[in-house]
Amino acid sequence: MTDLSNYDEIIIWGACMPPEETDVPTSHGRAIERLLDILEKKGILDRVIFIVDSNKKLIGRKRLGYSIKSTDEILGHPNALLIVNTISICAIQNAMKMLGITNDYVVIPYYLYHGTVDFPYINVAAREDMLQHKEDIVDLYWMKDEITKRYMDIIIELRLKGEDDLYTPDFYKNTGGGINYFCDAQLAPKGDVTFIDVGAFDGDSIEPVREFYGDRLKKCIAFEPNAELFAKLKKYISDHAMEDISTVLPYALGDEEKIVCFSSQGAMGQVSEAGEIAIEQKMFDNLQVESVGDAMVKMDIEGFELSALKGMQEFIRTHKPYLAICIYHKEKDLYEIAQYIKSLNADYRLYIRGGWHLECWAVPESHFI
């Protein structure tokens, strides 16, 4: 955290548009509302002069009464404090260098948590969970890994504080750059692979895997229940001539088979009681999926990861796939998801990775033999 009282002007970087206001939402957890609450409590909300965003479609619009301007407008205010209010902290840092922006800046820890549309992240709940399970959480993860330890130290400090705040770049040093799912030379499978993408969006998470593994990618199984995104996903598969190795399924995954309500908001969607679309939820274990080589399972499904893992428990026990599971949607995910994975295979090594998302990577013991 830092003293902000010496700055007469504040510029917020990141409009954090919600799903209902744009086709390409940049936030769904009340990010900017939370930031304005912080500034109001500090008594400096009146120093905010405007918001900047790199999305040209947003320029000229307003967000909660503040004008959205292009990032080069910062150059006219060299003494203003920048507040980076986005999960893509490293991308913003690179953009600042390219534009020659030398302003002081602080960040909000948004890539570590941001909830979902229906359930914004609650700091008090996260603090209580950390107080109750701190030692267990540390024991679950492979703390000999420097990156995991670095993330864990930050997460513990943030959660024990129990409230949102702003921090200097040094607090997040060596984090936030992230890495694409399973594209880590040290932790990646060494032979042929099957990529199981749960919450495949439009194929954006398949692309780096396809490039990284090349001919070693023998099979791709992708799940995406959003009809609009499903069509884009199919097009991605077709455009990259992956039809022969790919299966694309329009299902949600969970721990029971049923019809669920799905809420589709812009380019995002999630299972929701208030959803307007009925979709099929399947248990992965009932689909009788066969993998080639090492299986890799990625999950980013807006807080339903634990339920989907329970519906995949036999596959995980039997095949011991590499896992990359998002743990930023719910306060207890850091503990409960890791605990459940270890209950299925105690010899998994669990790592924390993150950038745009905070993820638990589970790597089977066989990888290290």
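1. A residue is called buried when its relative accessible area is under 20%. The model discussed here is a predicted one. By that criterion, Ile206, Glu207, Pro208, Val209 and Tyr213 of helix H5 (residues 206–213) are buried.

2. Against which elements do the buried residues of H5 pack? Their partners are S7, strand S8 (217–223), helix H6 (227–239) and strand S14 (294–299). Just after H5, glycine 214 adopts a positive phi of about 55°.

3. On the H5 side, Ile206, Glu207 and Arg210 take part, and they meet Leu233, Tyr236 and Ile237 of H6. By class, this contact of H5 with H6 comprises four nonpolar, no polar and two charged residues.

4. A further helix pair is formed by helix H3 (residues 123–140) and H4, whose axes come within 8 Å and cross at roughly 150°. Angles over 145 degrees count as roughly antiparallel, and H3 and H4 are therefore roughly antiparallel to each other. The crossing of H3 and H4 is left-handed. Among the residues making the contact are Ala126, Met130 and Ile137 of H3 and Met152, Ile155 and Leu160 of H4. The residues of the contact of H3 with H4 divide into nine nonpolar, no polar and four charged.

5. In soluble globular proteins, nonpolar side chains tend to be buried together. In this model, the largest nonpolar core has 71 residues, of which Tyr141, Ile196, Ile206, Phe223 and Ile341 touch the most other members. Helix H9 (residues 333–344) gives the most to this core, with seven residues. Beyond residues up to four places away in sequence, isoleucine 341 touches Leu309, Leu323, Ile325, Tyr348, Leu350, Cys360 and Ala362. A second, separate core of 24 residues includes Ala15, Tyr66, Ile68 and Val106.

6. Finally, is aspartate 184 buried or exposed? With a relative accessible area of 12%, aspartate 184 is buried, because buried means under 20%. Aspartate 184 lies in the loop between helix H4 (146–161) and strand S7 (193–198). Leaving aside residues up to four places away in sequence, aspartate 184 touches Ile179, Phe212, Arg353 and Trp361.

Notes. Residues are numbered from 1 along each chain as its sequence is written. This is a predicted model: local features need pLDDT of at least 70, side-chain atom pairs count only at pLDDT 80 or more; totals for chains, interfaces and linings use all residues. Side-chain values use heavy atoms; hydrogens and water are left out. Helices (H or I, at least four residues) and strands (E, at least two) are DSSP runs, numbered from the N terminus. Buried means under 20% relative accessible area, exposed over 50%, partly exposed in between (1.4 Å probe, protein chains only). Contact means heavy atoms within 4.5 Å. A nonpolar core is a set of buried Ala, Val, Leu, Ile, Met, Phe, Trp, Tyr and Cys residues joined through side-chain atoms within 4.5 Å. Ala, Val, Leu, Ile, Met, Phe, Trp, Tyr, Cys and Pro count as nonpolar, Asp, Glu, Lys and Arg as charged, and the others, Gly among them, as polar. Axes are lines fitted to C-alpha atoms, for helices over the stretch in contact, and angles run from 0 to 180 degrees between N-to-C directions. Angles under 35 degrees count as roughly parallel, over 145 as roughly antiparallel, 65 to 115 as roughly perpendicular and the rest as oblique. A crossing is left-handed if the near helix is turned anticlockwise from the far one by less than a right angle, and right-handed if clockwise.
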